[in-house]
Structures are given as structure tokens and as C-alpha cells.
Amino acid sequence: MMTWKEVLVRHKTLRGIGPRSLLVDRGESGYKNCFLPDGSILYPGEGLSGNQQPTGGNRILLLALAAQTPLRVYLRERTNCWRDCGWFLVASVEYRWEESERRYVYWFRLVPLKAAT
């Protein structure tokens with residue numbers, strides 16, 4: 001387990017999506033990550049209101065998908081307690097209408113690197 005301070009040294013940003021890593025949680029941030037039985041994660045794009053755009057963190061994830069660049073994933077277990085989940089690849093993306101939110105949202109499928117090879 002890691003403290004937030006230790007994660008921040010590696011993640012290098014307060015944002016959920018960094019240049020080489022991203023943060024996931026179980027809804028505390030307002031984002032609804034979906035943890036699938038096969039170890040993959042459905043990760044909603046950046047932006048909690050309005051249609052999400054291919055900018056900022058979403059651009060980082062779209063570029064990682066195109067280049068198949070692995071990203072480190074850190075999972076918040078509880079306050080000031082994080083788990084390093086290892087390297088993941090962005091396997092796919094879907095930009096879809098979320099009726100309940102009345103907007104378009106990116107959904108990125110993240111696959112553990114060991115499972116992707």
C-alpha cells in the first residue's frame with residue numbers, strides 16, 4: 001500500500017489522468033469506474049458535466065490507445081491508502097450517449113498488461 005504523497009511523487013499531477021498513469025476509485029471522486037471480473041476496468045473519461053471532449057486527460061488516453069502505450073494504475077482503497085495495480089493498456093474506447101446524464105461520455109477499457117500479452 002502507498003500513501004497519497006507516495007502516489008503523487010509518481011503520478012505527478014492532482015488530476016485523475018496523468019501523462020503515464022491514472023487514478024481509479026470506487027466512486028468517491030464522482031466517476032463510476034467499473035471493475036470487471038477479468039481484471040479489466042471500464043474507465044469513464046474526464047469531465048463530469050457536458051459532453052466529454054477529446055482534450056486533456058481524454059486526449060492522453062486516446063493517444064495511449066493509438067500508440068498502445070501502457071499506463072500505471074493506482075487504486076484508492078480508502079483515505080490516504082492506495083494500491084499500485086500495475087501497468088494497463090487502453091484496449092478500446094466507446095463514445096456513447098448516457099441517457100441518465102443526458103450527455104456523451106468516453107468509456108475506456110483498460111486491460112492489465114499481463115493479460116493483454
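The second largest pocket of this predicted model has a volume of about 180 Å³. Its lining is made up of 13 residues, and those closest to the centre are Gly 30, Lys 32, Glu 101, Arg 103 and Trp 107. Strand β6, which covers residues 103–112, gives the most to this lining, with three residues. Sorted by class, the lining of the second largest pocket holds five nonpolar, four polar and four charged residues.

Two of the residues named above also pair with each other. Glu 101 and Arg 103 form a salt bridge, in which the closest N and O atoms are 2.7 Å apart. Are these two partners buried or exposed? Arg 103 counts as buried, at 7% relative accessibility. Glu 101 is partly exposed, and its relative accessible area is 34%.

**The largest pocket**

The largest pocket contains about 260 Å³ of space. Lining this pocket are 16 residues, of which Gly 16, Leu 23, Ser 29, Tyr 31 and Tyr 43 are the closest to its centre. Two strands, β1 (21–24) and β3 (41–44), each supply at least two residues of the lining. By class, the lining of the largest pocket divides into eight nonpolar, four polar and four charged residues.

**Salt bridges**

The count for the model comes to nine salt bridges.

| Pair | Distance |
|---|---|
| Glu 101 and Arg 103 | 2.7 Å |
| Arg 15 and Glu 46 | 3.2 Å |
| Arg 96 and Glu 94 | 3.3 Å |

Arg 15 has a relative accessibility of 49% and counts as partly exposed. Glu 46 has a relative accessible area of 19% and is buried, because the cut-off for buried is under 20%.

In the pair of Arg 96 and Glu 94, the side chains meet at 3.3 Å, N to O. Arg 96 counts as partly exposed, at 29% relative accessibility. Glu 94 is also partly exposed, with a relative accessible area of 42%.

Salt bridges can also join into a network. Here Arg 26, Glu 77 and Arg 83 are linked in this way.

**Cysteines**

A disulfide is a covalent bond between the sulfur atoms of two cysteines. How many disulfides does the model have? The count comes to zero. Cys 81 and Cys 85 show why: the sulfur of Cys 81 is 11 Å from the closest cysteine sulfur, which belongs to Cys 85, and that is too far for a bond. A disulfide would need the two sulfur atoms to be within 2.5 Å.

Cys 81 is buried, with a relative accessible area of 6%. Cys 85 counts as partly exposed, at 24% relative accessibility.

How values were computed. Residues numbered from 1 in each chain as written. Predicted model: local features only at pLDDT ≥ 70, side-chain atom pairs only at ≥ 80, totals over all residues. Heavy atoms only, no water. 1 Å grid on protein atoms, 1.4 Å probe; cavity = no way out; pocket = protein on both sides within 12 Å on 5 of 7 lines; lining within 4 Å. Points joined across faces, edges and corners; volume = space filled by probe spheres on them. Helix = DSSP H or I, 4+ residues; strand = E, 2+ residues; numbered from the N terminus. Nonpolar A, V, L, I, M, F, W, Y, C, P; charged D, E, K, R; others polar. Salt bridge = Lys/Arg side-chain N within 4 Å of Asp/Glu carboxyl O. Buried < 20%, exposed > 50% of the residue type's maximum accessible area, 1.4 Å probe, protein only.
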